Amino acid sequence: MRAPQARRRVLLSCPDGVTGAALLQALRRGDRRALARAITLVESSRPDHRGEAERIIEALLPETGKAVRIGISGPPGAGKSTFIERFGLAGIALGRRIAVLAVDPASKRGGGAILGDKTRMAELARAPEAFIRPSSAGDTPGGVARRTREAILLCEAAGFDAILVETVGVGQAETAVAELVDMFVLILSPAGGDELQGIKRGIVELADLILVNKADGELAAAAQRTVADYASAMGLIRPPYPEWQVPVRAVSALEGTGIREVWEDVNRFHNALEHTGAWTRRRTEQARAALWSEIGDSLLDHFRAAPGVAQHLAAVEEEVMAGTRTPTAAARELLMLFVREACEGSVPRRRTGLTKRGRKA
Ligand SMILES: Nc1nc2c(ncn2[C@@H]2O[C@H](COP(=O)(O)OP(=O)(O)OP(=O)(O)O)[C@@H](O)[C@H]2O)c(=O)[nH]1
Ligand SMILES: [Mg+2]
């Protein structure tokens, strides 16, 4: 377990300027190791890495945005990874370069699951036209969203033109992932309804394409029934786009049936939305939403870290929980503390050139 971490530290400990320029150059050439290093930087919570990551992303921004970003979600074991392997290889056969980001927000799925994913994508992992990156467990949905958003941009700058983002379809993270991608694909097993599969109705509503996997052998008939169930259920759900009817189709990732048709769906979807401007609108809205979630996240970070707030937070929280104070009044008091401290803090720091901790700025 130690070795990769130690290596990672060495790789990232070069002087900033040098790492940055060399990394950028290699990444632009499509060097997969450079891409992996840049993603590691993006995932790091160290402030100096964050600064470096932001500089890299800004520098690469003009080269991003050209890929199709596809979210792939569904209940555990539905066959997402097996599908991605087949789908990715079919994409390569069509001349695409495929990047796979396996987002794993739940820390309960440890290294074992990620390792399992990689072996399930062994052939794709070996292809020179593919890049597979299992993302480490994030601590907050916001963190998952930021890291994935930035990793997508890095993959695009490295010349990958289809980015597949895999998540497990049971929690908050897929709503976040759906907001990062152009097309959201839901993969289901032949068995049971939403409840049985442990997915939320809200996730079905986000889907731009529904695939019922494992339509092979003994499960073939059940898969067709599930397709029919979902096709009629989709008739009751307001479609995400008037110009797009959400297809529901059976596939077998194991046997490779129906996989090429999914690339046709991707192209049809892209063309239909591009034609009406919805493609660009979705991305523009996503950029705005990302800005606000970044503002929200960093405000919260600063709020929690403010000494005056930190000092009172636990006590105030307890009063609210005990019902002796209203959340509104308590929040206002803490916010006032925060604002006052932020205003006071900025004056002497600017005058002395020192940071809050007393270091030279
Ligand atoms: N019969 C059949 N089995 C499949 C198919 N696709 C996947 N499986 C099997 O289903 C199991 C789960 O496959 P995965 O690809 O790991 O599923 P996943 O959705 O990525 O799982 P998690 O990442 O753990 O949520 C494996 O045993 C696969 O061999 C298929 O098309 N047909
Ligand atoms: Mg998987």
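## Exercises on helices and a sheet

Helix 5 passes helix 13 in a right-handed crossing. A crossing is right-handed if the near helix is turned clockwise from the far one by less than a right angle, and left-handed if anticlockwise. The model is predicted: local features need pLDDT of at least 70 and side-chain atom pairs count only at pLDDT 80 or more, while totals for chains, interfaces and linings use all residues. Residues are numbered from 1 along each chain as its sequence is written, and chains are lettered from A and ligands numbered from 1 in the order in which they are written.

**Exercise 1.** Describe the packing of helix 5 and helix 13.

Step 1. Helices (H or I, at least four residues) and strands (E, at least two) are DSSP runs, numbered from the N terminus.

Step 2. Axes are lines fitted to C-alpha atoms, for helices over the stretch in contact, and angles run from 0 to 180 degrees between N-to-C directions.

Step 3. Helix 5 and helix 13 are therefore roughly perpendicular (65 to 115 degrees; under 35 is roughly parallel, over 145 roughly antiparallel, the rest oblique).

Step 4. Helix 5 contributes Arg86, Phe87, Ala90 and Gly91 to the contact, and helix 13 contributes Ile259, Arg260, Val262 and Trp263. Contact requires C-beta atoms, placed from the backbone, within 7 Å.

**Exercise 2.** Describe the packing of helix 3 and helix 4.

Step 1. The axes of helix 3 (residues 32-43) and helix 4 (residues 47-60) are 8 Å apart, at an angle of about 125°. That makes helix 3 oblique to helix 4.

Step 2. In a left-handed crossing, helix 3 passes helix 4.

Step 3. Ala38, Leu41 and Val42 of helix 3 meet His49, Glu52, Ala53 and Ile56 of helix 4.

**Exercise 3.** In what order do the seven strands of the open sheet lie?

Step 1. The order is 3-2-4-1-5-6-7, with parallel pairing. Strands pair if DSSP finds at least two bridges between them.

Step 2. Strand 3 (130-134) and strand 7 (248-250) are the edge strands, each pairing on one side only.

Step 3. From one strand to the next, the twist averages 20°.

**Exercise 4.** Where is Arg225, and is Arg225 buried, partly exposed or exposed?

Step 1. Arg225 lies in helix 12 (residues 220-234).

Step 2. Arg225 has 13 other C-beta atoms within 10 Å, so Arg225 is partly exposed.

Step 3. Between Arg225 and Ala250 there is a C-alpha to C-alpha distance of 9.7 Å, although they are 25 residues apart in sequence.

Methods
Two residues are in contact if their C-beta atoms, placed from the backbone, lie within 7 Å. A residue is buried if 20 or more other C-beta atoms lie within 10 Å of its own, exposed if 12 or fewer, and partly exposed in between; C-beta atoms are placed from the backbone.
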